[in-house]
Amino acid sequence: MLGFGVAAPLPEQIRFNRDVRPILSNTCFKCHGADESTNEAGLRLDLEAVAHAPIIRADGSQFTPIQPGSPAESEVWKRIMATEASEVMPPPDNLHQLSDRDKAILTRWIEQGAAYEPHWAYMVPERVDPPVVSQPDWVSNPIDAFVLAKLDEHRVSPSPQADRHTLIRRLSLDLVGLPPSPEEVQAFVTDDRADAYERLVDRLLDSPHFGERMAVPWLDVVRFADTVGFHGDQGQNIFPYRDYVIEAFNANKPYDAFLTEQIAGDLLPDPTADQLVATGFNRLNMMTREGGAQAKEYLAKYNADRVRAVSTAFLGSTLACAECHDHKYDPFTTKDFYSLAAFFADVKQFGVYSDYDYTPEPELKGWNNNHPFPPEIEVKSDYLVQRLARLQSGWDQFISDHAARIADDPNEMERFSHWVDTLEGFLEEHPTGWEVQVPTSATSSRDRDYLSLKDGGLISISSEDIHDDMWRKDTLTFHLDPELRDIGTLKIEFVPDSANNGSITRNPAGYFEIDLQWKIQRDGQEEFETIDMAMGEASAPTRNYFNGWHAPYLWDRVHSAVSLQHDGFFYLFHPKRVLNLEPGDQIVVEIRSRDVGSMRLSVSPLGMISPATDPVDGLLDSLVEAFVETGIPLANDPNEQRFYYRKEILLCRDGWTPTMVTQATEPMEIRVLPRGDWQDDSGEVVLPETPAFMAKLRSSTEGNRQTRLDLAEWITHPENPLTSRTFVNRLWKQFFGTGLSSVTDDLGNQGEWPSHPELLDYLAIEFVERGWDIKAMIKLIVTSSTYRQTAKGRPELVDLDPDNRLLARQSARRLEAEFVRDNALAVSGLLVDDIGGPSVRPYQPPGHYEHLNFPIRRYESDPDEQQYRRGVYMHWQRTFLHPMLANFDAPGREECTADRTLSNTPQQALTLLNDPTFVEAARVFAQNSLLEYANLDVEDRVRALFFRTLGREPTVEEQETLTHFFAGRQAHYESDAAAALAFTSIGNSQAPEHLDPVELASWTAVTRVLLNLNETIVRY
């Protein structure tokens, strides 16, 4: 029951909650518990009054289920001891059967009076004084007294304290999720001050990376992800919620305020932007915009999800089964479930996030699969502001370097001067910087004569037949014959036109969508030459989205916003290379649309012109920048840098970003759904109420309708027995590998009696009385002697306590997926430790998103420093989780997850050996060692690498093994230099040219072994 060996003796005094309730819940409550619909014989073994009362059979005979003091007179005891299949309970076909030990416990319990207790988790915690123990000098704080008292009961002594090398690595991984540097290890090991350990704890708690460490398990329980999960699994705008969580932990926001802001931040007086961002919690349920989905069905799904999330995340209770019937094990009813759902009836949401004929949503008119999921607000992102400044500085330096190179190279200066002269001649003829194009021909794939060309190159498409066959798009083809020979930018304008009622579109809804392709037809050639576009951008905000994000740049699809229907605006398309046209060459533009209205086409010799300003305004004062932006590269200089800076600067959106929030609206009607059937409206209408069997703050019948703010107040009320217990139990798991009650998402009957119940209640009370201070509770735990014990196994405890529930030592635990990656990046020196910001996209196997549709995904791994950011920021695709995350047991976050599964598979080793992130980390680790330890011999370099990886010196055997391994790899790569070069070329970062590829590959093989060690990915 506590993880002890099967041979453990029976307790002298049987306790119902500790010993009996788990047995009955596992084997009996399914048929003889709280769910009246499946209760058999009217017998409820979860209620003392019923279980002890005589029952009269249909034939008039009488029996007593449990007769206190007399097993022989107890029908339950007779049935569990029966041998006939027709008599024995539970029935032979029942999944869970009673063991001999179970039967012995039930027998002794009845003999001792069969006393019941209220379920421990539903009782308000009561403070118990720390017990008197055998080794008071070992007690650092009350935690140790409770732990040592249990050890004394079993005549077991605690383990000695871990060595300082282990302590600092343990504490660093536990509090910030990163390994300590060699310098930090050495400083702590040599710090002889009495409070050295406490100083270390305080420093780590104050680290900005503390919030990132704490956010990972929190994001699991609130089911945070970058995509919506259902059907197309489209992207959603929500990263500011993650930043809020990280900052809340860093600022040590009181836990009650933390929960209140997430549940009902929008209902607080004058809510701040952060409090509104916090309400993204209510929006993290899965959503759909699938054609054919029924809005009513999905509204029911969303409501049910929020009940499951709140009950599991905050209350440690499983209410999921109460969606269809009364809970079979705990006293939650179906009415309780829907009464909790009614608290969220005011959350503005759309069952299906599109405007379909069968489910009209006027607010979503014209939305497509890439569009986000409102309501949203725009908020300032500190990370984006800082990134924008870095990018702008990088771009300025990029231009400055080019100017210097031009000035120093006569050939480049000659080429540059010629370009300036040509540009000046063009601008004299075209002061706007644009050469407007009048198509030499214009055709329609539907052979309709509704194109008209007007003065100034305006192409007008009449509004005739707009409702005819709306789903069939027309393809318009225009041939252009520019006078300009070298083209840097192409432009298409959309202009209000009287032929379209003063609108830019023929569509009465006020928007249009087009697919657009630019091509070149060379003189005398039948085949077209596709123009390879680097990017495109718009002069005004539009409804162009890419994987759920509003895209300030785009490729070939244009979707206008309704708000722009009477305003002219334009798109610029930037070819990857300057278009060099010869006489007779033509540009061909194909536009596929059913509702585009009036437009104009133009070309310019300039490139990367800002769409928000006059195309040539100020550019002649910065001719070098204009020259570089046009894409005429210097010798041996690639064009890609200019597009990288342009895209990334645009993506920063001046530091602003949208994020999903909760917006209160008129509450929808909530009914009890019989068996969870969303089509069955026969159930009673319910108002917001907390579970009937638990203490209430007030009733909705006594005043106004209760709100989410009332729910938050009830959840965080000091007398709510579940909230503080749930959180401190999860904290304990974070620092010991297992909660004091091991089932961290269920403190109910199917959970577990705590290994140290008085300690759990002591911590729960302390948490509330200390003002819900999270850092104070963590400091209390990690400064205990219990936490500081060595994790070395003890043979004498293998049978008595195989799972270390007595806490006679610390527990080793494998790092969570995100921290496995963080650890490798940190050790190698690759880690970029910026805080906050959008999700990042690490390397991913080609084709992993091949089957994602609506929309089809273009996974592009980050090309810059974002590639090396922490795992907490990794893009979370619910239905196609990153393989590295999946291999190391991260959840898809389709549902609230309070406890990750733990596996040990060959795929994990293969990931560490072959994932480009880890191979690159190993190579950078090796190259840094060649630079930093240039004067060390092989043995000393092995020792330095080992210490940086694990924070300790290698043993003699480990030293010899790695040294021998290096020699073998060196011989191999000396015979295959091509393999060495390929091995050291993986990843975005480049190895220094002066390093010998053979030596680098040989040391990379060594560091790859170090990063793959079990000790590297395990916290001891």
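Q: In which helix is the place of L1010?
A: This is a predicted model, in which local features need pLDDT of at least 70 and side-chain atom pairs count only at pLDDT 80 or more, while totals for chains, interfaces and linings use all residues. Residues are numbered from 1 along each chain as its sequence is written, and side-chain values use heavy atoms, with hydrogens and water left out. Helices are DSSP runs of H or I with at least four residues, strands are runs of E with at least two, and both are numbered from the N terminus. L1010 belongs to residues 997-1012, which make up helix α31.

Q: Is L1010 buried or exposed?
A: A residue is called buried under 20% relative accessible area, exposed over 50% and partly exposed in between, using a 1.4 Å probe and protein chains only. The relative accessible area of L1010 is 1%, so this residue counts as buried.

Q: Which residues is L1010 in contact with, leaving aside its neighbours within four places in sequence?
A: Contact means that heavy atoms lie within 4.5 Å. Once the neighbours within four places in sequence are set aside, the partners of L1010 are L945, F946, T949, L962 and T1016.

Q: What is the radius of gyration of the protein chain?
A: The chain holds 31 helices and 24 strands. The radius is taken over C-alpha atoms, and the globule rule is 2.2 Å times the number of residues to the power 0.38. For 1020 residues this rule gives 31 Å, and the chain comes close to it, so it is as compact as a globular protein of that length, with a radius of gyration of 34 Å.

Q: What is the relative accessibility of D889?
A: D889 is not a glycine, yet its phi is positive, at about 75°. This residue is found in the loop between α25 and α26 (906-914). D889 counts as buried, because its relative accessibility is 11%.
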